[in-house]
Number of protein chains: 2
Amino acid sequence: MSRRLVVTATVLSLGLGIAVAHETHSKAEQANAYRHGLYGAIAWNFGPLGGMAQGKVPFDKAEAATRAARVAALAEMLPEAFPEGSAIKGQSEAKPAIWEHRAEFDALLKKFIMKTAALSDGAKTADLEKLKTLVSDTRAVCKECHDKFKED
Amino acid sequence: MSRRLVVTATVLSLGLGIAVAHETHSKAEQANAYRHGLYGAIAWNFGPLGGMAQGKVPFDKAEAATRAARVAALAEMLPEAFPEGSAIKGQSEAKPAIWEHRAEFDALLKKFIMKTAALSDGAKTADLEKLKTLVSDTRAVCKECHDKFKED
């Protein structure tokens, strides 16, 4: 879905209620845009955590806690962003395997939600060494899921 | 920014740290994608609240509380999504007025954050009539900001 369609869907949803948006855009298109937005926002907020863990960004405990809380909040929104039939060929990196092995995918999403919750809880009090472990644990789940269920 | 670029930025950010993504995509492009993702996610979650308020979706207190909490969490992420110079002609509905009248825009964003926080707090215990008021209050701020700062 183009940005314009996404924005149009936004306007319709906010202005006229989701029912109208449903008439204009397919559920698959909306879900595809939704999950891309969520993953983009996760990346935006996880980036500084990764930067701190790698020593590329100065460690800032308050910022780490804020970023980690956001990542955890966004992760909880993901499960409903993969409805059946929402793989859009050429527009989505979501592999059909997601729906062919749904239980496995759902388990990885659940693991991601748990790891990001641990990241969020831990970041409130973590020193840099602890943060590195939390970030590494989260990144491992990203990779595990991407390797199986995301197009390169 | 195309979806592919957004996804590429996501992969880069998650896999290699935000520093690499910064080299590949301009800050303006990243910010543009970020705010579109946030507004899309806000619309996704606000939609059912609007639907309940309009009687198009059955009132469900638990779902209303979850959706409202998400909208509030997403709203808090918006302020850093409008860095100076991130209007991209033809790709963004953000009017240049945002940066010409930054204090006014920031005040509206702050108002939106406050209204969505009130929506989130209120939705935990609200009946349908109260939810209608909270939704209406939130929608009014959406409109106030869009009228001034968003292209049609």
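Here is a short walk through a helix pair and some salt bridges in this predicted model.

Let's start in chain B, where helix H6 (residues 102-123) packs against helix H7 (residues 128-149) at an angle of about 165°, with the axes 9 Å apart. Angles over 145 degrees count as roughly antiparallel, so that is how H6(B) runs relative to H7(B). The crossing of these two helices is left-handed. On the H6(B) side, the contact includes B:Phe105, B:Leu108, B:Phe112 and B:Leu119, while H7(B) contributes residues including B:Leu131, B:Leu134, B:Val141 and B:Phe149. Sorted by type, the residues of this contact are 13 nonpolar, 3 polar and 6 charged.

Now for the charged pairs: over all chains, the count is 18 salt bridges. B:Arg67 has a relative accessible area of 10%, so it is buried, whereas A:Glu80, at 29%, counts as partly exposed.

B:Arg67 also forms a salt bridge with B:Glu63, with the closest N and O atoms 2.9 Å apart. Because they sit 4 residues apart in helix H4 of chain B, B:Arg67 and B:Glu63 are separated by about one helical turn. B:Glu63 is partly exposed, at 28% relative accessibility.

Elsewhere, A:Glu63, A:Arg67, A:Arg70 and B:Glu80 are linked in a salt-bridge network. Finally, B:Lys124 and B:Asp121 form a salt bridge at 3.7 Å, N to O, and both residues are exposed.

Conventions: Residues numbered from 1 in each chain as written. Chains lettered and ligands numbered in written order. Predicted model: local features only at pLDDT ≥ 70, side-chain atom pairs only at ≥ 80, totals over all residues. Heavy atoms only, no water. Axes fitted to C-alpha atoms, helices over the stretch in contact; angles between N-to-C directions. Parallel < 35°, antiparallel > 145°, perpendicular 65-115°, else oblique. Left-handed = near helix turned anticlockwise from the far one by under 90°. Contact = heavy atoms within 4.5 Å. Nonpolar A, V, L, I, M, F, W, Y, C, P; charged D, E, K, R; others polar. Salt bridge = Lys/Arg side-chain N within 4 Å of Asp/Glu carboxyl O. Buried < 20%, exposed > 50% of the residue type's maximum accessible area, 1.4 Å probe, protein only.
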